[in-house]
Amino acid sequence: MQRWWQALGVSIQPPDEPIELRTGLLGIVTDIHGNPYALERILSHGAQLGVDRWLVLGDVVAMGPEPGRVLEQLAELDVVAVISGNTERYVLTGDRPDPSFDEVVADPGLLPRLVEVAASFAWTKGFLQACGSLDVLGSYLASVRLLFPDGTDVLAVHASLLKDDGPGITPSIDAEKMETLFPGVSADIVFGGHTHQATDLAINGIRFVNPGSASNHLEPHVPARYATVRLGDHDHHVELHDVQYDKGLAIESIQRSGIPGSDFLVGRYFAQVNE
Ligand SMILES: [Fe+2]
């Protein structure tokens, strides 16, 4: 039987067979962005709740000060799968987010930004090469399907079924837009990260859940966020969690790390902490 994604010819195809999960408590974390301080608090909070394995939705290492330590933290866990985010692609392939070369030609004032962005991802790549961990990023998956013990069919992506960047799951998205991001999807639940906006909504019979980001929040007062799923034989229960942590530790780490664009990172994602 042809699967729905095979018929669509979508660019981010999940594997044919789902990963079948046993009962227990699944933790879902995304958009860690090289911040071990946020991840440490999430992992300890999850451990207290009884999380026994983790699903990671991407943007694990880049745009943050300690990519190597975050990979070490994840290596200690029972991980179901890690999805590759757009920033993993930037690190591995040399692709870059905006501004594009064409945009810089049209507006030369954007050149410093282009240089800083390029340098930031090159720094992360060099950091991971130096500690022999770069290949780990290449093992991440474009998307996965999961099968809960109660028969729930799950799709997990970074941003959408079409791309690892661009629009993704947000609280304000409407049904029409969601259909363009997840055309023809027949899953019961879709988990996605990328937008850094915690979301749990139902559209056309599908539950779309974004755990919110572990780090690099667009509103700096927002704490570290993740989700859990209690997996029973006959039901499941999704819950979103807020976890406070000392953002000052992340700011200090960014400032001493040498990552290019450190002032931008602190100003954009941690600014209110300093006020
Ligand atoms: Fe992200």
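Guide: We may begin with α4, in which Asn 86, Thr 87, Glu 88, Arg 89, Tyr 90 and Val 91 are buried. A residue is buried if 20 or more other C-beta atoms lie within 10 Å of its own, exposed if 12 or fewer, and partly exposed in between, with the C-beta atoms placed from the backbone. Helices (H or I, at least four residues) and strands (E, at least two) are DSSP runs, numbered from the N terminus.

Visitor: Is this an experimental model or a predicted one, and how does the numbering work?
Guide: This is a predicted model, in which local features need pLDDT of at least 70 and side-chain atom pairs count only at pLDDT 80 or more, while totals for chains, interfaces and linings use all residues. Residues are numbered from 1 along each chain as its sequence is written.

Visitor: How many residues of α4 are buried, then?
Guide: Helix α4 spans residues 86-93, and six of its eight residues are buried.

Visitor: And what covers them?
Guide: The cover of the buried residues in α4 includes α6 (111-130) and α7. Contact here requires that the C-beta atoms of two residues, placed from the backbone, lie within 7 Å.

Visitor: Let me change topic. Where is Tyr 140?
Guide: Tyr 140 lies in the loop between α7 (134-138) and β5. Leaving out residues up to four places away in sequence, Tyr 140 touches Val 82, Ile 83, Ser 84 and Glu 88. The C-alpha atoms of Tyr 140 and Gly 85 are separated by 8.8 Å, although these residues are 55 residues apart along the chain.

Visitor: Why is Tyr 140 called partly exposed?
Guide: Tyr 140 is partly exposed because 18 other C-beta atoms lie within 10 Å.

Visitor: Now the sheets. What is the order of the five-stranded one?
Guide: The open sheet of five strands has the order β4-β3-β2-β10-β11, with mixed pairing. Two strands pair if DSSP finds at least two bridges between them.

Visitor: Which strands are at its edges?
Guide: β4 (79-82) and β11 stand at the edges; each has a single partner strand, so one side of each is left without a neighbour in the sheet. The twist averages 20° from one strand to the next. Such angles run from 0 to 180 degrees between N-to-C directions, and the axes are lines fitted to C-alpha atoms, for helices over the stretch in contact.

Visitor: Why is the span of α2 said to agree with expectation?
Guide: At 1.5 Å a residue, the 14 residues of α2 (residues 36-49) should span 20 Å, and its end C-alpha atoms are 20 Å apart, which agrees. The expected span is 1.5 Å times one less than the number of residues in the helix.

Visitor: Which residues of α2 are buried?
Guide: Pro 36, Tyr 37, Ala 38, Leu 39, Ile 42, Leu 43 and Gly 46 are buried in α2. After α2 comes Gly 50, with a positive phi near 100°.

Visitor: What about β10: how many of its residues are buried?
Guide: In β10, seven of its eight residues are buried. β10 pairs with β2 in the antiparallel sense over five bridges, and Leu 26 stands opposite Val 229. On β11, eight bridges join it to β10, again in the antiparallel sense; these two strands form a hairpin with four residues between them.

Visitor: And the other sheet, what is its order?
Guide: The open sheet of six strands has the order β1-β5-β6-β7-β9-β8, with mixed pairing. Its edges are β1 (19-20) and β8 (199-203), each with a single partner strand, so one side of each is left without a neighbour in the sheet.

Visitor: How do β5 and β6 pair?
Guide: β5 (residues 144-147) and β6 (residues 153-156) pair in the antiparallel sense over four bridges. Their hairpin has five residues between the strands, and Gly 151 in it takes a positive phi near 95°.

Visitor: And β6 with β7?
Guide: β6 and β7 (residues 189-191) pair in the parallel sense over three bridges. Together with helix α8 (residues 175-181), they make a right-handed β-α-β unit. Right-handed describes a crossover in which, with the strands pointing away from the viewer, the path from the first strand over the helix to the second runs clockwise.
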